[in-house]
Amino acid sequence: MEGVAALERDAQLMLRVREGDEGSFALLLNQHRRPVVHFLFRMVQNQAISEELAQEVFLRVYRSRASYEPTAKFTTWLFRIATHVGLNWIRDRKHERGHESLEEEVIEGVGRQIPDRRPTVEHRMVSEARLDEVRRAVDALPAKQRAAVVMHKYHELDYDQIAAALGISGSALKSLLFRAYETLRARLSHMA
Amino acid sequence: MTCLNKNKRGTETLLDYCAGTLERERAEAIENHARECAACRALITAQKNLWNALEEVDAPEISADFDARLYARIAQEEAQPTWRVWWSRISLSGITWKPVLTAVAAAAILAVGLTVYAPKLQDSLRQIRSDSVDVEQLEVTLQDLEMLTPPSASVGKTPAGKM
């Protein structure tokens, strides 16, 4: 029931934005800023870039206000835009970086930006290494698999929503998730 | 119950079970099966470990000026002339320019080719047209000759000596 109410609220807010109500856009931004930025952060592994891309997502939402029709859940639409923006950025970076190695990508990541609340230096180092390894494993997945895992694990979108965001069928999504989790299980099996 | 890695819906069931979103009855069926099946038990354990490892990966706090920057971009965009807004949208829309440039280059080559060869082509067409007129005239002449030829003459292909 809560989900339906949220959908109606978001769609109604967006319809109000369409009518020129800036306050409704602020409410939508307030509610979805964090999920969008965090989704993009997990896609690109860089805080500054994820914020930049998230701004692009909300700009597109704002630009589309005049033609907005509540045909799908607002979050599905929003994540479709975010996925598109994220995948485009990854594709462009691939073209720009050519054959640079994965090691360099990882070094550029934001491993040290995440606060660690563990008390000792040793604990901190172990924790950092562990988190870094998980991030590296996720980052090494093909972009679409990564997007599917991030939406499934961290954003609690259902299969239909994730499939719609990625523009693929439900069965294609399941095999995508199957392959992604299988790869991650294999890569991180020693961490158990 | 069949094993999770043999069932077509096994992936979904495994993921939902580890995410804790599976209905109680189905979850219990999996647990009962896993007690007797070492392969499924190992798969569930591995997926749960992975799920927990992913759980630990946090995302950073968002910059305090995120909204201010966004509204500044919106204001800047709204102050721009329409053509410039559309141009920046096109350039940021992720269009890959390589195929577009290839198409433009192909069109340019075609245009140049048509300009250079078009007069010659027209001459050739004119020639073909004039040739076809000649053929028509020839056909008409032959028909006229046939018409003018008396029927006996057409029959009289038989050698005169045999008549």
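Trainee: Why does R130(A), at 27% relative accessibility, count as partly exposed?

Mentor: Buried means under 20% and exposed means over 50%, with partly exposed in between. The 27% of R130(A) falls between those limits, so R130(A) counts as partly exposed. Keep in mind that this is a predicted model.

Trainee: What makes R130(A) and E56(B) a salt bridge?

Mentor: The cut-off is 4 Å between a side-chain nitrogen of Lys or Arg and a carboxyl oxygen of Asp or Glu. For R130(A) and E56(B) the N to O distance is 2.9 Å, which lies within 4 Å, so the pair qualifies. The pair also crosses between chains, from helix α6 (residues 121-139) of chain A to helix α3 of chain B. In general, side chains of opposite charge can pair when their charged atoms come close.

Trainee: And why is E56(B) called partly exposed?

Mentor: E56(B) has a relative accessible area of 32%.

Trainee: Which residues are joined into one network by salt bridges that share partners?

Mentor: The network is made of E52(A), E56(A), R60(A), R63(A), R73(B) and E77(B). One pair within it is R60(A) with E56(A), with an N to O distance of 3.1 Å. That value is within 4 Å, so the pair is a salt bridge. R60(A) and E56(A) lie in helix α3 (residues 47-63) of chain A, four residues apart, about one turn of the helix. Both of them are buried.

Trainee: How many salt bridges are there between chain B and chain A, and how many over all chains?

Mentor: Between chain B and chain A the count is 10, and the search of the whole structure gives 19. E55(B) with K153(A), at 2.6 Å, is one of the pairs. On the chain B side, the elements that give two or more residues are α1 (10-19), α3 (38-56), α4 (66-79) and α5 (82-92). The largest share, 10 residues, comes from α3(B).

Trainee: What is the area buried between chain B and chain A?

Mentor: About 4000 Å², with carbon and sulfur atoms giving 58%. In chain B, L54(B), P60(B) and R73(B) lose the most area to chain A, together 15% of what that side buries. In residues, 36 of chain B are in contact with 43 of chain A.

Trainee: Why is R33(A) called buried?

Mentor: Its relative accessibility is 16%, which is under 20%, so R33(A) is buried. R33(A) lies in helix α2 (residues 22-44) of chain A. Beyond its neighbours within four places in sequence, R33(A) is in contact with F58(A), I62(B), F66(B) and D67(B).

Trainee: What makes the pair R33(A) and N30(A) a polar contact?

Mentor: Their side chains come to 3.2 Å, and the cut-off for N or O atoms is 3.5 Å, so the distance meets the rule.

Trainee: How do you know that V116(B) can belong to a nonpolar surface patch?

Mentor: Patch residues need over 30% relative accessible area. V116(B) has 48%, so V116(B) passes that limit while still counting as partly exposed. V112(B), V116(B) and Y117(B) make the patch, about 310 Å². V116(B) is found in helix α6 (residues 97-148) of chain B.

Trainee: What does the secondary structure of chain B come to?

Mentor: Seven helices and zero strands. Of its 163 residues, 21% count as buried.

Technical notes: Residues are numbered from 1 along each chain as its sequence is written. Chains are lettered from A and ligands numbered from 1 in the order in which they are written. This is a predicted model: local features need pLDDT of at least 70, side-chain atom pairs count only at pLDDT 80 or more; totals for chains, interfaces and linings use all residues. Side-chain values use heavy atoms; hydrogens and water are left out. Patches are made of residues with over 30% relative accessible area and no salt bridge: like charges are joined within 9 Å, nonpolar side chains (Val, Leu, Ile, Met, Phe, Trp, Tyr) within 5 Å. Accessible areas come from the Shrake-Rupley method with a 1.4 Å probe; for residues, only the protein chains shown count as cover. Buried means under 20% relative accessible area, exposed over 50%, partly exposed in between (1.4 Å probe, protein chains only). Contact means heavy atoms within 4.5 Å. Buried area is the accessible area (1.4 Å probe) that two parts lose on being put together, summed over both. A polar contact is a pair of N or O atoms within 3.5 Å; within protein, one must be able to donate a hydrogen and the other to accept it, and residues adjacent in sequence count only if both atoms are side-chain atoms.
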